[in-house]
Amino acid sequence: MGYQDDSGDEPANSLGHIDLTRDQQLKTELAEFTFTPPEEGWDPDENVMRPPALSMADDVNPPIERVYGIDGSRVEVTVGDPLLNKRVGFLSIRLAEIDMQVVRQQQNQAFLNPSVVEDLGSVQEYNMVLPSSNTLFDAGSTHESWRKMVFRNFKRREAFGRTLFTTYHELLHRREDRIESGRGKLRLENCPNPDCDEESLIVNSTREDSCPECDKPTYPTDALRTHERVAGSQENVTALNLLMGIVEHLVLVNAVKHLDKQGRDALNRTAIVKDGPLAQFDTAAWIHDPILQILSEVQEAHMGDGGAPFVVSGIHKTGKFASFAESVKDRMAGPWLLELPNDVIYKHISAGDRTEPFGKKTYYGKNFIYRSATRTQDGHCFAFTVPRRFTDGHREGGLRVSEDAYPELARTVTVLDKLRTIRYENGLIPLVVAHDKASLPEELSDQILGKLTNLLTEAKE
Ligand SMILES: [Zn+2]
């Protein structure tokens with residue numbers, strides 16, 4: 001039975017029991033659709049798949065002694081009377097520093113005691129609060145409040161002694177299309193004020209400025225356009241997720257710069273793993289490109305100086321690549337490495353435009369799947385990314401697929417494999433430790449953060 005409201009009319013947003021099969025035009029149009037879901041039945045023989053040259057990874061290079069794990073979580077909390085729908089968003093990005101010596105000591109345990117997890121390393125945290133629905137911060141709308149608070153957070157939060165804004169500003173200045181040459185001013189495609197039609201604004205790239213047309217404030221961080229995902233009266237989980245991804249990347253870049261500053265030994269002996277692929281999506285996708293520039297420059301200089309390949313990896317913990325890894329893991333005995341050329345990704349994992357490299361506008365990581373030797377009953381199989389390389393050094397040259405192009409691959413797989421030997425809730429230990437502290441369970445945070453916010457609100461009244 002279809003739902004009927006008081007007027008007896010069918011609700012506008014429901015197709016209810018209208019008989020669509022009688023609509024001839026609709027039937028004709030439907031017949032023109034083609035469906036392109038990923039295909040099953042991947043054949044291991046159709047791809048290059050071979051054991052990676054792992055045996056040398058630890059013999060010729062200094063061992064990796066510590067791993068930084070980066071993971072974030074976010075939550076929105078209702079403040080006061082739920083009917084008034086006043087909401088505040090919280091972000092927590094954590095960086096766990098794991099001591100590989102402690103990991104080695106735990107390797108022989110069948111299963112890690114949860115009480116030991118906390119002892120595996122220390123955690124640094126970067127927290128933010130954002131105005132969400134029906135909440136203002138020193139501005140006339142949630143939208144503008146959000147923009148102001150993002151800028152303020154970026155200016156105030158530091159990771160490894162460097163503000164998030166300093167790094168963001170560097171990313172901006174590495175993009176010629178965003179910065180006016182000469183004056184160093186920021187070019188915004190549209191005015192961030194949704195009521196203004198002004199296009200191609202030239203504004204200050206380091207501090208608050210204003211739109212020449214509507215006179216509303218602009219902020220350098222408006223170029224990330226996270227505010228376009230903010231609604232004044234609804235939940236803003238999409239905007240929070242987007243901002244969380246960006247901040248994870250800024251923390252990652254700061255960690256890399258910190259290690260680079262410390263010198264060759266620090267890059268030799270530290271690996272960084274991040275939750276999720278090396279990719280930035282949505283309105284802020286453009287930052288993937290300058291991030292890759294920075295990582296490539298650090299790696300090139302480091303290896304040119306005789307350093308061992310520096311390891312930065314993004315792990316597919318969930319999603320299509322993780323599911324695919326799970327589905328193919330028992331096809332043949334490990335160890336093997338799957339290079340995942342574009343055609344395999346498009347055919348079996350994620351449908352898309354086959355004329356372009358997968359994730360051209362979002363990914364700065366190249367996808368691989370690794371299956372460990374079958375030491376234990378099931379072995380490990382995981383999908384991961386390492387920074388992309390192109391045939392002649394720049395993007396137009398085409399993405400390199402073969403493992404030979406990625407000198408850090410053997411070390412990456414070796415360290416991930418070692419971390420996997422600790423069996424704890426099917427997670428990778430640095431991410432478990434980072435997430436354990438980062439996770440803001442919905443119920444808990446509603447209680448704790450809700451109370452906190454209530455207190456703050458009361459204090460103000
Ligand atoms: Zn304007």
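What follows is a conversation about the terms used for this structure and the values behind them.

Guide: This is a predicted model, in which local features need pLDDT of at least 70 and side-chain atom pairs count only at pLDDT 80 or more, while totals for chains, interfaces and linings use all residues. Residues are numbered from 1 along each chain as its sequence is written.

Visitor: How many helices and strands are in the chain, and what makes a run count as one?

Guide: There are 14 helices and 15 strands in the chain. Helices are DSSP runs of H or I with at least four residues, strands are runs of E with at least two, and both are numbered from the N terminus.

Visitor: What makes strand 11 count as enclosed by the rest of the structure?

Guide: A residue is buried if 20 or more other C-beta atoms lie within 10 Å of its own, exposed if 12 or fewer, and partly exposed in between, with the C-beta atoms placed from the backbone. In strand 11 (270-275), six of the six residues are buried, so the strand is largely enclosed by the rest of the structure. In a regular strand the side chains alternate between the two faces of the sheet. Here both faces are covered, with Thr270, Ile272 and Lys274 buried on one side and Ala271, Val273 and Asp275 buried on the other. For the chain of 461 residues, 40% count as buried.

Visitor: How do you know that strand 11 pairs with strand 2 and with strand 12?

Guide: Two strands pair if DSSP finds at least two bridges between them. Strand 2 and strand 11 pair in the parallel sense over five bridges, and Val67 stands opposite Ala271 in strand 11. Strand 11 and strand 12 (residues 311-315) likewise pair in the parallel sense over five bridges, with Asp275 opposite Ile315 in strand 12.

Visitor: Which strands pair with strand 3, and is strand 3 mostly covered or uncovered?

Guide: Strand 2 (residues 66-79) is joined to strand 3 by 14 bridges, and the two run antiparallel, with Val75 opposite Phe90 in strand 3. Strand 3 is also joined to strand 4 (residues 121-131) by eleven bridges, again antiparallel, and Leu95 stands opposite Gln124 in strand 4. Strand 3 (residues 86-99) is mostly covered, since eleven of its 14 residues are buried. In the hairpin of strand 2 and strand 3, six residues lie between the strands, and Gly80 takes a positive phi near 70°.

Visitor: Why is Lys86 called partly exposed?

Guide: Lys86, whose place is in strand 3, is partly exposed because it has 19 other C-beta atoms within 10 Å. Two residues are in contact if their C-beta atoms, placed from the backbone, lie within 7 Å. Leaving aside neighbours within four places in sequence, Lys86 is in contact with Thr78, Val79, Gly80, Asn134 and Thr135. Lys86 and Thr135 are 49 residues apart in sequence and 5.9 Å apart in space, C-alpha to C-alpha.

Visitor: What is noted about the phi of Asn134, and why is Asn134 called partly exposed?

Guide: Asn134 has a positive phi of about 50° although it is not a glycine, and it is found in the loop between strand 4 and helix 5 (142-156). Asn134 is called partly exposed because 16 other C-beta atoms lie within 10 Å.

Visitor: Why are helix 6 and helix 7 described as roughly perpendicular?

Guide: Helix 6 (residues 164-173) and helix 7 (residues 237-262) pack at an angle of about 95°, with their axes 10 Å apart. The axes are lines fitted to C-alpha atoms, for helices over the stretch in contact, and angles run from 0 to 180 degrees between N-to-C directions. Angles under 35 degrees count as roughly parallel, over 145 as roughly antiparallel, 65 to 115 as roughly perpendicular and the rest as oblique. Helix 6 and helix 7 are therefore roughly perpendicular to each other. Leu164, Thr167 and Tyr168 in helix 6 meet Val247, Leu250, Val253 and Asn254 in helix 7.

Visitor: How do you know that the buried residues of helix 10 line one face?

Guide: In helix 10 (residues 320-328), Phe321, Phe324 and Ala325 are buried. Seen down the axis of helix 10, the buried residues fall within an arc of 100°, so they line one face of the helix; the arc is that of the directions from the helix axis to the C-beta atoms. These buried residues pack against helix 11 (342-349), strand 14 (365-371) and strand 15 (381-387).
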